Amino acid sequence: MSSTGPEKRGSVLGGTAWVVSARMTVRVVGTVSTIILARLLTPEDFGLVAVAMAVVGLLQAATEFGFNAALIRDQQASDDDYATAWTVDLLRGVLLALLLLVLAHPLADFLNDPRLAVLLSVLAVVPLLGGLYNPHFIDFDKRMNFRPFFILMLSVKVVGFVATVGLALVWRSYWVLIVGSLVSNVARTVLSFALMPYRPRFSLAGWRRLMAFSGWLAGSQFLGAIGTRMDNLILGKLLAAHGVGIFSVSRDLTAMAFQEITMPLRKVLFPAFSRMDSASDEFRQAYFIALGGLFMILAPIGVGLVLTAGDAVPVLLGGQWHEAVRPMQWFSLTAVFWVIATMAQTAAMSANRTRMIFYRNLFGFPVRLTLFILGGYYYGLLGAVIGGIASAALMAVLNLNMVARILGVTFVQHVRACGRSLGALAAMTVCVAAAQWAMPAGTDLASHGARLAVAVATGAAVYPAVQLILWRAAGRPDGAEARIVKSVVRWRRGDAVPAQ
């Protein structure tokens, strides 16, 4: 990557576009899988597995050291550092597997569902498989070469899809979700070594060097896990499995659209930003270009889901999921919070300010838990949803404050970076709402499908058109639009796009 500012930003944005496109391909497979499984299984099935997976996810996230981030940031990481990362992850996996076996029956008794004891015992294999993962695979990230990562992700997703859906067609039980998860984890670990050969060895020689960066990050991971991964566990105590299923599927489907964009963006930006001086104008300019580009992509997805959920749920999931409409609409409003969180986390890690992430989570997680529990206890499913969103708004404020302290930028500057997208978003909302109003409402699948198709087509036509008009009216400034236009021009000319 060139050290010059514009070329570096172009490489980052070009890499981001390639990563997002590839990741979206992976997500299509996952979304299709979820839609098929939602029609073959029940909300109760999804709810039961969501509670079990929440336990595993909580333990894994709460004990994540963040060594991968340390290895990416350190361009001179030694073999001892990689061996230490692998050793610690393996030991962590073994301990978590044993802990799950010990907690399986007590947790099942606490949550009043004996089925969880067997599920958690089987899922104890998951952290063990994760501990065997190849630490050298992140070298591809350090080189800004993301093709192997997506070969791995797509392969894992396809293998999981075939296993889960294939079993669900003949065995309509929540166990197909568990088997699918295990198969995917095995494939992920095996492929990490197939794509990046490495002979692991036991060592703790690099412990101090890795913890120098990851210590505060590990603490923030622990607090963040408690604040966000306990939702399904809490609801498992407050609601029946049916309600947990509605909550988890509604949140997961909306989060899929956001995660598959924010996660690869962070994957691209962190190694790129780590090479810049966080106090420089170059860093701030790259930050706002990435912010504007991410908002340009996520905002129409979020608003589009709000506008179309009433038709999308019966078409995609079926009538048994009608209770998911309102939660999906609320969850879709969090798109802007995903933008802020992604950029703030990337900026703080790139600037080696992981202590700020820790203190942010230390303040935010008890407030989040309180709002979520109170909402769920007094107002049920919808109360838990709104409580979670209120806490997400609070975290957005904390993230903006963190970025202000790191980069010296203001909230107004954030709004300006998203100004053209806000205008395009307003135009899209008006046009989609008008198109829906003109369509006759109906309760049959054909009516929902027609309304959904018209709404999606209208939004897909209006939003990019208005965005392009506003960008040209602004004098075609450097940004995500400029990179997209250049890519389209190269594609129409038949020019090869350089690998990122």
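I began with Arg476, which I found in the loop between α19 (445-473) and α20, where helices are DSSP runs of H or I with at least four residues, strands are E runs of at least two, and both are numbered from the N terminus. This is a predicted model, in which local features need pLDDT of at least 70 and side-chain atom pairs count only at pLDDT 80 or more, while totals for chains, interfaces and linings use all residues. I noted also that residues are numbered from 1 along each chain as its sequence is written, and that side-chain values use heavy atoms, with hydrogens and water left out.

Arg476 is not a glycine, yet I read a positive phi of about 55 degrees for it. I looked up its exposure as well: Arg476 has a relative accessible area of 52% and is therefore exposed, given that buried means under 20%, exposed over 50%, and partly exposed in between, with a 1.4 Å probe and protein chains only.

I then turned to Asn352, in the loop between α15 (335-350) and α16, and found a phi near 60 degrees, again positive in a residue other than glycine.

Next I looked up the nonpolar surface patch, which is formed by Leu238, Ile373, Leu374, Tyr377, Tyr378 and Tyr379, together giving about 700 Å² of accessible area (Shrake-Rupley method, 1.4 Å probe, only the protein chains shown counting as cover for residues). Patch residues have over 30% relative accessible area and no salt bridge, with nonpolar side chains (Val, Leu, Ile, Met, Phe, Trp, Tyr) joined within 5 Å and like charges within 9 Å; a salt bridge is a side-chain nitrogen of Lys or Arg within 4 Å of a carboxyl oxygen of Asp or Glu. Helix α16 (residues 354-407) gives the most to this patch, with five residues. Leu238 lies in helix α11 (residues 231-238), and with a relative accessible area of 32% I recorded it as partly exposed.

For the cysteines, I counted zero disulfides, a disulfide being a pair of cysteine sulfur atoms within 2.5 Å. Cys418 is buried because its relative accessibility is 8%, whereas Cys431, at 32%, is partly exposed.

My last entry concerns α13, which supplies five residues, the largest share of the lining of the second largest pocket.
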